[in-house]
Amino acid sequence: MSWLWAIIVGLVLGLIAKAILPGKQQIPLWLTTVFGIIGSVLGNWAATGLGVNDTKGIDWIRHLLQLIGAVVVVAVGDMAWTALRGNKKRA
């Protein structure tokens with residue numbers, strides 16, 4: 001069940017990150033989900049390092065760090081995807 005949650009959270013964070021970033025990103029939905037999962041893991045790692053990963057109530061700081069991680073990974077991943085695939089547009 002934890003893998004299912006990771007995929008759901010990755011998808012949601014990846015889509016929010018794409019909405020936050022200016023312009024249109026060229027990465028497909030599956031890669032958005034993967035980048036969202038990676039951003040979530042990086043955000044959890046940063047939250048653990050800061051000691052805010054498990055607090056009483058809702059862990060707003062951890063969730064914010066996960067979103068920041070997703071935005072960074074989606075931005076860098078989109079640049080890499082565009083560079084590797086060229087600037088091809090879908091038909």
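These questions and answers concern a predicted model.

Visitor: Is T33 buried or exposed?
Guide: T33 belongs to helix 2, residues 29–50. Leaving aside residues up to four places away in sequence, T33 touches I7, G10 and L11. Its relative accessible area is 12%, and buried means under 20%, so T33 is buried.

Visitor: Which residues of helix 2 are buried?
Guide: The buried residues of helix 2 pack against helix 1 and helix 3. In helix 2 the buried residues are L31, T32, T33, F35, G36, G39, S40, G43 and A47.

Visitor: How far apart are the end C-alpha atoms of helix 2?
Guide: Helix 2 has 22 residues, and at 1.5 Å a residue these should span 32 Å.

Visitor: What residue follows helix 2?
Guide: The residue in question has a positive phi, near 80 degrees. Helix 2 is followed by G51.

Visitor: How many aromatic pairs are there, and which residues form a pair?
Guide: The count comes to one aromatic pair. The rings lie 6.4 Å apart, centre to centre, with 85 degrees between the planes; planes over 60 degrees apart count as edge-to-face, so that is the label for the pair of W30 and W81. The pair links distant parts of the chain, 51 residues apart: helix 2 holds W30, and helix 3 (residues 60–85) holds W81.

Visitor: Is W30 buried or exposed?
Guide: The relative accessibility of W30 is 54%. Exposed means over 50%, so W30 counts as exposed.

Visitor: Which residues form the nonpolar patch on the surface?
Guide: Together the members of the patch have about 600 Å² of accessible area. I8, one of them, lies in helix 1, residues 2–20, and counts as partly exposed at 36% relative accessibility. The nonpolar patch is formed by L4, W5, I8, V9, V12, I16 and I20.

Visitor: Which residues does I20 touch, not counting residues up to four places away in sequence?
Guide: I20 lies in helix 1 and counts as partly exposed at 49% relative accessibility. Its C-alpha atom is separated by 21 Å from that of A83, 63 residues apart along the chain. With residues up to four places away in sequence not counted, I20 touches L67 and V71.

Visitor: Which side chains meet in a salt bridge?
Guide: The structure holds one salt bridge. Side chains of opposite charge can pair when their charged atoms come close. Here the N to O distance is 3.1 Å, and a salt bridge needs the two within 4 Å. The side chains that meet are those of R62 and D59.

Visitor: Is D59 buried or exposed?
Guide: D59 has 8% relative accessibility. Buried means under 20%, so D59 counts as buried.

Visitor: Which residues of helix 3 are buried?
Guide: What covers the buried residues of helix 3 includes helix 1 and helix 2. These buried residues are R62, L65, Q66, G69, A70, V71, V73, V74, G77 and D78.

Visitor: How far apart are the end C-alpha atoms of helix 3?
Guide: At 1.5 Å a residue, the 26 residues of helix 3 should span 38 Å. The model agrees, because the end C-alpha atoms of helix 3 are apart by 36 Å.

How values were computed
Residues numbered from 1 in each chain as written. Predicted model: local features only at pLDDT ≥ 70, side-chain atom pairs only at ≥ 80, totals over all residues. Heavy atoms only, no water. Helix = DSSP H or I, 4+ residues; strand = E, 2+ residues; numbered from the N terminus. Buried < 20%, exposed > 50% of the residue type's maximum accessible area, 1.4 Å probe, protein only. Contact = heavy atoms within 4.5 Å. Phe/Tyr/Trp six-rings, centres within 6.5 Å; stacked < 30°, edge-to-face > 60°. Patch = residues over 30% accessible without salt bridge, like charges linked within 9 Å, V, L, I, M, F, W, Y side chains within 5 Å. Areas by Shrake-Rupley, 256 points an atom, 1.4 Å probe, with all protein chains shown as cover. Expected span 1.5 Å × (residues − 1).
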